[in-house]
Amino acid sequence: MADDGPMEDYPTEIEENLNDFETSLSSVQNMVQTLVSVSRSDNLLQLDPLDRAKLDLMSAYALNSMFWMYLVTQGVNPKDHAIKQELDRIRTYMNKVKEITDKRKAARLDKGAASRFVRNALWDPEDKKREDTAEHPQRGKHIRFS
């Protein structure tokens with residue numbers, strides 16, 4: 001950073017912060033370049049609708065966040081700008097997508113298995129004996145041959 005201009009342009013205390021900012025900015029630029037270079041339609045065809053929504057929301061949030069940072073660098077208070085409402089709107093949709101994802105991951109109840117589990121847990125040997133004799137009246141009666 002020191003090679004870009006004379007040291008008198010900025011205080012020396014912020015030189016490390018500026019170097020970190022430059023590194024982060026070039027990293028973001030590389031990521032954006034990668035996203036822009038790949039055909040968006042090719043990526044979307046491979047995703048299910050929920051993943052498409054996630055991708056769209058993340059892209060919109062990232063773009064609006066960068067605009068927020070731009071406003072800050074221009075001396076504009078982004079809290080008084082319409083970008084705040086836009087970021088809040090995107091966050092609400094991100095929460096909705098998260099709820100849908102959580103519902104998909106939640107355990108589902110197999111009603112048949114649950115009813116068998118409860119029936120077997122409440123099983124009484126006397127009930128079973130009565131059911132067997134009711135279904136097969138000859139069962140349980142032994143004939144002795146001498």
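A: Let's start with the whole chain and then zoom in. Take the contacts of the protein chain (heavy atoms within 4.5 Å) that join residues at least 6 apart in sequence: 39% of them bring together residues at least 24 apart. A bit of bookkeeping: this is a predicted model, so local features need pLDDT of at least 70 and side-chain atom pairs count only at pLDDT 80 or more, while totals for chains, interfaces and linings use all residues. Residues are numbered from 1 along each chain as its sequence is written, and side-chain values use heavy atoms, with hydrogens and water left out.

Of the 146 residues in the protein chain, 8% are buried. That word means under 20% relative accessible area, whereas exposed means over 50% and partly exposed is in between (1.4 Å probe, protein chains only). The chain exposes about 12700 Å², and carbon and sulfur atoms supply 57% of that; areas come from the Shrake-Rupley method with a 1.4 Å probe, and for residues only the protein chains shown count as cover.

Which part to pick? I'd go for H4, where confidence is highest, at a mean of 93. The score is pLDDT, the predictor's confidence in each residue, from 0 to 100. The chain as a whole has a mean of 80, and 79% of its residues reach 70 or more. Confidence is lowest in helix H6 (residues 125-135), at a mean of 56. Where pLDDT is low, the predicted coordinates should not be read in detail.

Now for the geometry of H4, which covers residues 83-105. With 23 residues at 1.5 Å each, the helix should span 33 Å, and its end C-alpha atoms are 33 Å apart, so the two agree; the expected span is 1.5 Å times one less than the number of residues.

The buried side of the story involves Ile83, Leu87, Ile90, Val97 and Thr101, and H3 is part of what covers them. Leu87 counts as buried because its relative accessibility is 4%. Beyond its neighbours within four places in sequence, Leu87 touches Tyr61, Asn64, Ser65 and Trp68. Trp68 is 19 residues away from Leu87 in sequence and 9.2 Å away in space, C-alpha to C-alpha.

Side chains of opposite charge can pair when their charged atoms come close. A salt bridge here is a side-chain nitrogen of Lys or Arg within 4 Å of a carboxyl oxygen of Asp or Glu, and the whole structure has five. One of them pairs Asp48 with Arg104, with the closest N and O atoms 3.5 Å apart. This pair ties together distant parts of the chain, 56 residues apart: Asp48 sits in the loop between helix H2 (40-45) and H3, and Arg104 in H4. Asp48 counts as partly exposed because its relative accessibility is 29%.

Arg91 joins Lys84 and Asp88 in a network of salt bridges. Asp102 also pairs with Lys98, the closest N and O atoms being 3.3 Å apart; this pair too lies in H4, four residues apart. Asp102 is at 39% relative accessibility, so it counts as partly exposed.

Key: Helices (H or I, at least four residues) and strands (E, at least two) are DSSP runs, numbered from the N terminus.
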